[in-house]
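Hi,

Here is the structure I promised to pass on to you. Have a look at it first, and then read my notes below.

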Amino acid sequence: MLLTDDKIRILCYGDSNTWGTVGKWVEDDHLSDRYDCHTRWTGVLQETLGDDYDVIEMGLGGRASIYAREETPWQNGEVGLVAALSTAHPVDLVIIMLGTNDLQVHKTITEEELPLGISHLADRVLSSRHGRDEKAPRLLIVAPPEIRPSAPGGRTHVYEKFRCEIGRELSLKFPEVYRRVAEEKGCWYFNAQEVAQPGGADGVHLDAVSHQKLGKALAQLVKNAIFVPEKKELPLLLSGAQTRTYMRFHRMPPAAQGMGIYEDRAYILYNTGMCAVHDLLRQDYEPIDYFPLGSFNDGTPTKDYLNHANSCMFSKHHYQGNPIPLLYVTIGTGIGADEDGYFYRCAVENLTSSLGEDGKEHFHAETLQVITYMPGDMTGRKWMQPCWGCPAFLMDPDEECLYIFSAQYRTKRECLPEDLQNTYIITKFRLPKLSEGSMVRLTPEDILDQFTVKSGVMFTQGGTIADGKLIYTFGCPRRYPDQIMVFDLKEKKLLHEIGDMDEAFCQEEIECCAPYRGKLLCNTSKGGIYEIHVAPMKEGNE
């Protein structure tokens, strides 16, 4: 999901309902409005499928299957399809939803002629060489929506343009006709009339709800029936040299640390436990708000308790209906333990927001629970001691369990015994319930599972868990290179090491990471958020 640039390319070829025309309620000389990319079905298809897919939109108002007036030859769908296939090459799947404009009054086609247009287009696609390896792409033909009279307050004359009841009856025959063509050509088929209908403005153009339903229905068909992308085993060593800047943010003092992402907002944590909220869509430099976590600590009663806020991630649990889920934060800075366990702990934060008198959104945080680990006697146990005193607590939101990520030795060269390689230790625990109290002390008896990985990667930073993968960042400028390690929690092994990122990160210190809309974003201590792009490492790279 997060670590490949290979994408399945889908060409969506159609008319104004593919372009996203918003039906007009009144006749005027203005150009038609277009639904935004989050509303029109092609955009919904892209968002639902995610970043493993590349949806290419090619809709044109007035486009018919194989027909066009002399004054508008570009509306002939067969002619345009050749150009579209060449432009989008290589194409893995072509989705065609055409036929509505075949029914306009100047064409006067009959029921017997309904299959001709879509059949010609299917032949064009299936005989082309615009798929992978110069083979034909896969094809999905979609029976277009029905035509119906507009609402009384709409553009009633549009119904006449489509031959009134003649056009409507022909449109209702699209599903059966297109199904037969699909069977004949050996391609995929979907009936848009099952989920989508035109709006009342003109009885032809889909309303917003129908766009949403159609996009989601086609996404389900693509992922679950047409093909399931093969998961490619990437090489163990990956280069992140093509990583690029996603946005810059105003770095508050003293230094940015952990980062969690929920919906379209990044929650950047700072040393001592301050939090800045940034809009990832708008990519605003200034934060929406800057506020202390409930676990804020600037060194009370000693510097060991300072909240360094190394790492954080959101759960799926919404406390008392709060729209923002609980945030699990690794706190502490001291190497060692007190009577409750290691100084490094996990604070469960409940973040709430409200509109202030200044008209701006403001946040408040409350620590509901602190989770710590108390080292104990490991004699007779098959596990290693989970950490040397600076663990990172990472919560798996899907499995609802808690992991401690740590190492056998401190991850600085001077702390590693000579001629020995460090070992990273990933230990699984149950996820404590809030009902267990404000302080939960985990012990060796609570360990559910564990695996270890030997590695020479140095200087731990922060991490996250997504899709059963634990992703962790490492590095410090001029001493240790910026790197990322990806572990498979189910297979209990290291999947990837990503290096070559120093130049892309402009020598900034990598801090934490989080998934966002199919991407992997990393933040730096100096106010950068970077989008990770990887490729197999070239031979000879270290």
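Let me start with two residues: Tyr424 and Phe474 are both buried. Please keep in mind that this is a predicted model.

How do the rings of Tyr424 and Phe474 sit relative to each other? Their centres are 5.3 Å apart and their planes meet at 65°, so this pair is edge-to-face. Tyr424 belongs to strand E20 (residues 422–430) and Phe474 to strand E24 (residues 469–476), so the pair ties together parts that lie 50 residues apart in sequence. Both residues also belong to a cluster, in which ring pairs link Phe405, Tyr424, Phe451, Tyr472, Phe474 and Phe487.

A search of the whole structure turns up 19 aromatic pairs. Another of them is Tyr305 with Phe343, also edge-to-face, at 5.0 Å centre to centre and with 75° between the planes. This pair links distant parts of the chain, 38 residues apart: Tyr305 is in the loop between strands E11 and E12, and Phe343 is in the loop between strands E15 and E16. Tyr305 counts as partly exposed, with 25% relative accessibility, while Phe343, at 11%, counts as buried.

Now for a sheet. Four strands form an open sheet in the order E7-E29-E28-E27, with antiparallel pairing. Strands E7 (244–248) and E27 (510–516) are at the edges and have a single partner strand each, so one side of each has no neighbour in the sheet. From one strand to the next, the twist averages 30°. Six bridges join E27 to strand E28 (residues 519–524) in the antiparallel sense; Ile510, for instance, has Thr524 in E28 as its bridge partner.

Enjoy exploring!

How values were computed:
Residues numbered from 1 in each chain as written. Predicted model: local features only at pLDDT ≥ 70, side-chain atom pairs only at ≥ 80, totals over all residues. Heavy atoms only, no water. Phe/Tyr/Trp six-rings, centres within 6.5 Å; stacked < 30°, edge-to-face > 60°. Helix = DSSP H or I, 4+ residues; strand = E, 2+ residues; numbered from the N terminus. Buried < 20%, exposed > 50% of the residue type's maximum accessible area, 1.4 Å probe, protein only. Pairing = 2+ DSSP bridges. Axes fitted to C-alpha atoms, helices over the stretch in contact; angles between N-to-C directions.
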